Amino acid sequence: MKSFIQGAKEIEDYLVEIRRHLHRHPELESDLPKTTKYVKEKLTEIGCKPEEICKSGIVATIGGNKPGKTILLRADMDALPMQEESGLEYTSQHLGIAHTCGHDIHTSFLIGAAKLLKEREGEIEGTIKLMFQPGEESLTGALDMIKSGILESPKVDCAVGMHVQPLLPLNHLNYAKGPFLASTDILRITIQGRSCHASQPHMGIDPINIAAHIILSLQSLQSKLVPSNEPVVLNICEVKSGNTSNVVPEQAILTGTLRTFNPQLRKEIIEQCDKIIKLTSQAFGATSKLEILESCPSAINDKKLVDEIKEYIPNLGIDFVSDPNYRMQVSDDFGFISELVPSILFIIGCKPDGIESSHNHNSKVIYNEEVLQMGAALFAQCAFDYLKNNK
Ligand SMILES: [Zn+2]
Ligand SMILES: [Zn+2]
């Protein structure tokens, strides 16, 4: 019996071809007509019956002939609205859109895993559900698929996701227990003042002055309320108000981001922000509101599942290096899945040899394509072994 990694090595050219096709034709958010058509064609060729359960959200299953549990394998398919400057011969052919977060690689991992698992379908005890989601960057795709029933019929018992990291060398694989990636909340603060002539500020209510007080108070909230061992980022990144030098404006709008690893602390910080914003505005006679425009929970790696999957990884025959303390301040909407079912998210290294590369979301980022066989085999191995051991 050939191993999953042997199988993945044999289909390396196939994986590279898929990845480069996706890389040349990136699409955005949940509008992925070309990508989904291509993914469905590939899955159909393998013998799967893909189904689009929401806009640009594909599901397919493997196994299901023998009773057992259901494991979900998830890949995201969307790109970013930026110009690629990698200089690669298979660079993006679409101006201002590029796969600079490696989701083309994740999609290829999962198609590869599907091909490997399909070859051993007769041995699968339970069901493997493949999830190809849109809109990860907009943090909407996983939720859309959850609302469309991706976790039901058959009910998903656990989920596995993967993200490439070009700053980490090949053979590095991280999956620390507990909160692994940060939660994100996009905050918008609107301060409603009263316009007046700049020479008579007492006749109006200056929202810029109030905005300045609020920004500084929010920064001290971070240093005075949050325990020093809790990694929290609270950043106001956009300030909009006024359009000339001699008029006190009506309104100021601030937007910013909050990132934490602790769900309870996240809730408390948002409550405190609301209090500071309301009371500071009130003190100066203005009204204000705090809105959470978008949010995504922390991606949490289930402790029991991590312990279990850790046992299966050596079966791959790759000598992976893992850091049990590795965490990232970035978010992934896989967090919505990890809130509902025991989950594990892997961060897999793919630093290219001898080429200057960069981090995800950088226009010059280059990924080592050797990771394709590793990711495909890792997905397949985890699913196969989990089902075999959880009859
Ligand atoms: Zn990204
Ligand atoms: Zn990403």
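This is a predicted model: local features need pLDDT of at least 70, side-chain atom pairs count only at pLDDT 80 or more; totals for chains, interfaces and linings use all residues.
A residue counts as buried when its relative accessible area is under 20%, as exposed when that area is over 50%, and as partly exposed in between (1.4 Å probe, protein chains only). Phi of N171 is near 75°, a positive value in a residue that is not glycine.

Residues are numbered from 1 along each chain as its sequence is written, chains are lettered from A and ligands numbered from 1 in the order in which they are written, and side-chain values use heavy atoms, with hydrogens and water left out.

**Backbone details**

N171 lies in the loop between β5 and β6; helices (H or I, at least four residues) and strands (E, at least two) are DSSP runs, numbered from the N terminus. E29 also has a positive phi, of about 50°, although it is not a glycine. You will find E29 in the loop between α2 (12-24) and α3, and it is partly exposed with a relative accessible area of 49%. Another detail to look for is the peptide bond from S153 to P154, which is cis with omega near -10°. P154 belongs to the loop between α5 (141-147) and β5.

**Aromatic rings**

How many aromatic pairs does a search of the whole structure find? It finds 3, where rings of Phe, Tyr and Trp (its six-membered ring) pair if their centres lie within 6.5 Å, and planes under 30 degrees apart count as stacked, over 60 as edge-to-face and the rest as tilted. The table shows two of them.

| Pair | Centre to centre | Angle between planes | Type |
|---|---|---|---|
| F4 and F384 | 5.5 Å | 65° | edge-to-face |
| Y175 and F346 | 5.3 Å | 70° | edge-to-face |

F4 in helix α1 (residues 4-10) and F384 in helix α10 (residues 371-389) are 380 residues apart, so this pair links distant parts of the chain. F4 is buried at 4% relative accessibility, and F384 is buried at 7%. Y175 sits in the loop between β6 (173-174) and β7 (178-181) and F346 in strand β15 (residues 343-349), so their pair ties together parts 171 residues apart in sequence. Both Y175 and F346 are buried.

F4 has a charged neighbour too: R120 lies over its face, at 4.9 Å from the ring centre. K115 lies over the face of Y14, at 4.9 Å from the ring centre. A charge sits over a ring if NZ of Lys or CZ of Arg is within 6 Å of the ring centre and within 35 degrees of the ring normal.

**The zinc site**

Which residues coordinate the zinc ion (ligand 2)? They are C101 (SG), H103 (NE2) and H163 (NE2), at 2.1 to 2.4 Å. Donors are N, O and S atoms within 2.8 Å of the metal (3.2 Å for Na, K and Ca), and sites may look incomplete because water is not among the atoms. C101 coordinates both this ion and the zinc ion (ligand 1), and the two ions are 3.1 Å apart. C101 lies in the loop between β3 (66-76) and α4 (103-119) and H163 in strand β5 (residues 158-165), so the two tie together parts 62 residues apart in sequence. C101 is buried at 7% relative accessibility, and H163 is buried at 8%.
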